[in-house]
Amino acid sequence: MRDTKVVQFVLEDVRTDARVRKSARKLRDSGYDVTYVGFHKKPNPKKSRFYRGEDLDDCPCYFINDGRRIYEPIIDFLNQQNPIRKQDEKIKSSIMRALSEPANSLKERFQTLALSPAYALCLLGRGIQMDAYLDQFWGFQSRAARVSQDILSLGPDVIHAHDLDAYALIAPFAHSGNVKLIYDSHELETGRNAPRWTTEKHAAHAALEKASIPLADRVISVGPAICEILSDRYEIPLPTMVPNSPPKKNIRTNHRLAKRLGLARSERVVLYLGGIMPNRGIEELIQSLSHLPEHVHVAFIGYPVSVYESKFQALLDEYSAYSHRIHLLGRKPYDDVIFEAYGADLGFNAINLTCESYKNALPNKFFEYVFANVPVLSTKQKDVADLTQEYELGGIIEDTSPQKLAQAIEMMLETYPEGISRDPRQRFIDEYCWENQSKKLLDIYEQL
């Protein structure tokens, strides 16, 4: 057993986050002492604010018993303010100076900055006076400090923080506590798909990342495009690309999906994997059925997120004439997704490129389709397009209107009647399987 103690920290339910658990298992199997820290969105009144739950993957698992995301009150307040004025720059500069100077204790940090420096930059909206500033956010600061102190009480040598909300919360405290810190960015945070966010909220989110990212000892992200953007935008060393790819061991062959759905041998199935949510091309996919021949069906493995449930149901109702060609298969365990996808005729990754994060995404589903021997139809996401061309994994579409989408689907079904060509698919799997890519994760830990 190594002496290095690692905390895998995410402000989500850690039990359902495949990337967090894959990272933890790899480290555990390599001899690191791994502990999970996750988040309970619904507080449990019978538990303390920070408690140990059942072990997960043979590792201790702790939960933050708090019903809200830690920094959301800041963002919500900022939405009510105007942008930073020039006269506020002096305050901003003093905060940034304090950010770069290690504090002797958490108490001194509170006295000096009033709030953690990584967040203070996000609060300097027009007209905010320091006394109101303190009154409004002392409650937030106390909550952030308590959570951070609870995590640090576990005695970690390294905190591996997943996504910006978890990372920015712990960054100032880990920095002052001489704990090594990894920022694992699961997407391009400054350009994420958040249709309900205001312009101010997006700006605050970007400011939060800009203020806190210099504190990371290492930065990781899921694809080369995002790594390059983070490096250029924040003038940091190029982050390490560790894609969210599946392990080889998850690959199991299955019967044709059409057969499992009870369809005739001539029927073809276009499969959608993942969360059913806005801007994922769901509407266009279902609408394309009116332009596709009767033998083409669509299937969904996943479930609608809460904000999209009513809209998705309305879409199904509107296209009820095609309900016999729409198959909802529900959510499947992570380790079984490739098995369940195996035998589909085409994988759907033609998401709407409505935000910068989507344009530069290298999504899980892309890997899962290929590992399941399912050719992929994608929109022009930079990394996806490059890999699709290099390994002959499917096709790229730019016009996703229902009629054009239907034409592309028909063409793809004709081009790939038996799945992806064996040799390029195997080369792709050998290169991008988790067993291979996670070696870079271990290299980072060895360097730290």
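**View 1. Strands β9 and β10 pair in this predicted model.**

**View 2. Strands β9 and β10 belong to an open sheet of 6 strands.** The order across the sheet is β11-β10-β9-β12-β13-β14, and the pairing is parallel. The edges are formed by β11 (326-328) and β14 (394-396); each has a single partner strand, so one side of each is left without a neighbour in the sheet. On average, neighbouring strands of this sheet are turned by 20° against each other, direction ignored.

**View 3. Helix α17 lies across strands of the sheet.** This helix spans residues 402-415 and lies across β9, β10, β12 (346-349), β13 (376-378) and β14. Relative to β13, helix α17 runs at about 155°.

**View 4. Helices α15 and α18 cross each other.** Two packed helices are described by the angle between their axes and the distance between the axes. Here the axes of α15 (residues 364-371) and α18 (residues 422-432) come within 10 Å and cross at roughly 130°. Helix α15 is therefore oblique to α18. The crossing in which α15 passes α18 is left-handed.

**View 5. Side by side, the contact residues of α15 and α18 are shown.** From α15, the residues F366, F367, V370 and F371 take part, and they meet R425, F428, I429 and Y432 of α18. The residues of this contact divide into 7 nonpolar and 1 charged, with no polar residue.

Notes. Residues numbered from 1 in each chain as written. Predicted model: local features only at pLDDT ≥ 70, side-chain atom pairs only at ≥ 80, totals over all residues. Heavy atoms only, no water. Pairing = 2+ DSSP bridges. Helix = DSSP H or I, 4+ residues; strand = E, 2+ residues; numbered from the N terminus. Axes fitted to C-alpha atoms, helices over the stretch in contact; angles between N-to-C directions. Contact = heavy atoms within 4.5 Å. Parallel < 35°, antiparallel > 145°, perpendicular 65-115°, else oblique. Left-handed = near helix turned anticlockwise from the far one by under 90°. Nonpolar A, V, L, I, M, F, W, Y, C, P; charged D, E, K, R; others polar.
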